[in-house]
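Dear colleague,

I am handing over the structure we spoke about, and my notes on it follow directly below. Please read them with the model open beside you.

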Amino acid sequence: MLILRTSLLGPAHGHQIAKHIQRSTDDVLQVEHGSLYPALHRMERKGWLASKWESAEGKRELKYYRLTAQGKRQLGVEEGKWEQVVRAIARVPAQAEP
């Protein structure tokens, strides 16, 4: 969900996505590249992200990912699941009190 949500901001390469998640969560969440890139590739295979290799003047090529229409729909599904998990977790402390 965090990758899809970050992709709403526009095309970005993997390192930019990881850094945005880290910055926007005040360094609480740090996405390791060993987890990020397999997730990006899975989302690309599912049609949620599209990618394009680009290079700036004299710099190495970077693969930029962008959210597809199917990815936007999936983001809505994932946000619904997230809200369900948050509600379930919030109920646990309340049920533990006498």
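Two terms come before the fold itself: helices (H or I, at least four residues) and strands (E, at least two) are DSSP runs, numbered from the N terminus, and two strands are said to pair if DSSP finds at least two bridges between them. This is a predicted model, in which local features need pLDDT of at least 70 and side-chain atom pairs count only at pLDDT 80 or more, while totals for chains, interfaces and linings use all residues. Residues are numbered from 1 along each chain as its sequence is written, and side-chain values use heavy atoms, with hydrogens and water left out.

The chain holds four helices and three strands, and along the sequence these follow the pattern α-β-α-α-β-β-α. The three strands make an open sheet in the order E1-E3-E2, with antiparallel pairing. Its edge strands are E1 (12–13) and E2 (49–54), each of which pairs on one side only.

Strand E3 (residues 62–67) pairs with E1 in the antiparallel sense over two bridges, and Tyr65 in E3 is the bridge partner of Ala12. Between E2 and E3, which also run antiparallel, there are six bridges, and here Leu67 of E3 has Leu49 opposite it.

Buried means under 20% relative accessible area, exposed over 50%, and partly exposed in between, with a 1.4 Å probe and protein chains only. Over the whole chain, buried residues make up 29% of the 98 residues.

Along the principal axes, the C-alpha atoms fill a box of roughly 65 × 30 × 20 Å.

Finally, of the contacts (heavy atoms within 4.5 Å) with a separation of 6 or more, 45% are between residues 24 or more positions apart.
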